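Reader: Hey, I'm new to this one. Can you walk me through it once it's up on the screen?

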Amino acid sequence: AWGGSACEAWMTADWLKAFPDAKIPRSETDIKSKNRTPTVLYNGMLHPLIGLTMKGVIWYQGENNVGAGYDYRTLFQTQIKDWRTRWGYELPFYWVQLANLYPEDTTPVESSWAELRESQAMTLELPHTGQATIYDIGDAYSIHPTNKQEVGRRLSLIALHKDYGRDSLVYSGPTFQNVSFKENTAVITMNTYGSQLTIHNKYGYLEGFSIAGEDRKFVWAKAFIDANGKIIVYNENIAEPVA
């Protein structure tokens, strides 16, 4: 498994003995600044592995890319393609989507964190990829959520389904498929991967949706699951929603 951008680079004595030519910073006093130098992490931690047979890659995404979430659409896909080129085959590449952080907003707002998550999700268009979503098990007050066991379990479900013949295994939570607008509601269809949508809110509502009219001013919305498994989203003050 390869750590994402939030990880500190480090080398053990055994690693240095095994790969004496690895180009890495040797001074403990400047290792943090050196880790931010282009090519250091790649040359020191990845390049020595090229040629070794690997079943696949697991990537745990760090938060340092949040400031350039749109660019990550290109950056992340380019990295995956590059690694596959260097190994000579299409390595399965599975990653953890950025966890939640900070308390909930009182009103819907733009989010650089959501933009990065979107870029990660768009990378699923590449073959042999998978994404474990952990927004529900993050920590609003800690950038390092502690429930790593569930993170690993979700990644294992992807690998079991895609690489080890467990075809009937539900390996993903629901993902967006399409939306249509009917009168004062948005009707959302989700891909449920053989499972069923369920609601955990004690009042029977789905949480976290916002909706907007032609002015694109988003407000929090109510949402529920209808008899056909569609998500119905609305706000009494939005007569003709468009987004």
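Predicted model: local features only at pLDDT ≥ 70, side-chain atom pairs only at ≥ 80, totals over all residues.

Reader: Is Glu150 buried or exposed?

Author: Glu150 counts as buried because its relative accessibility is 16%, under the 20% cut-off. Arg153 counts as partly exposed, at 43%.

Reader: What else does Glu150 meet in a salt bridge?

Author: Arg154, at 2.7 Å from N to O. Arg154 and Glu150 are four residues apart in H6, again about one turn of the helix. Arg154 is buried, with a relative accessible area of 18%. Asp136 joins in too: Asp136, Glu150, Arg153 and Arg154 are linked in a network of salt bridges.

Reader: Ok, and how many salt bridges are there?

Author: The count comes to six. One of them is between the side chains of Arg73 and Glu118, at 3.3 Å from N to O. That pair links distant parts of the chain, with Arg73 in helix H4 and Glu118 in helix H5, 45 residues apart. Arg73 is partly exposed at 26%, and Glu118 is partly exposed at 41%.

Reader: Back to H6. What do its buried residues pack against?

Author: They pack against E2, E3 and strand E4, which spans 129-132. Among the buried residues of H6 are Val151, Leu155, Ile158 and His161. The helix itself covers residues 148-163 and reaches 22 Å from its first C-alpha to its last, close to the 22 Å expected. After H6 comes Gly165, with a positive phi near 75°.

Reader: New topic: which residues touch the most other members in the largest nonpolar core?

Author: Trp59, Phe76, Ile80, Trp83, Phe93 and Trp95, out of 18 residues in that core. Strand E2, helix H4, strand E3 and helix H5 each give two or more residues to this core. H4 gives the largest share, five residues.

Reader: And what does Ile80 touch?

Author: Leaving out residues up to four places away in sequence, Ile80 touches Phe93, Trp95, Thr123 and Leu126. Apart from this core lies another one, of 13 residues, including Tyr94 and Ala159.

Reader: Last one: which residues make the nonpolar surface patch?

Author: Phe176, Val179 and Phe181 make a patch of about 270 Å². Phe176 is in strand E5, residues 175-182. With a relative accessible area of 53%, Phe176 is exposed.

Technical notes:
Residues numbered from 1 in each chain as written. Heavy atoms only, no water. Patch = residues over 30% accessible without salt bridge, like charges linked within 9 Å, V, L, I, M, F, W, Y side chains within 5 Å. Areas by Shrake-Rupley, 256 points an atom, 1.4 Å probe, with all protein chains shown as cover. Salt bridge = Lys/Arg side-chain N within 4 Å of Asp/Glu carboxyl O. Buried < 20%, exposed > 50% of the residue type's maximum accessible area, 1.4 Å probe, protein only. Core = buried A, V, L, I, M, F, W, Y, C linked by side-chain atoms within 4.5 Å. Contact = heavy atoms within 4.5 Å. Expected span 1.5 Å × (residues − 1).
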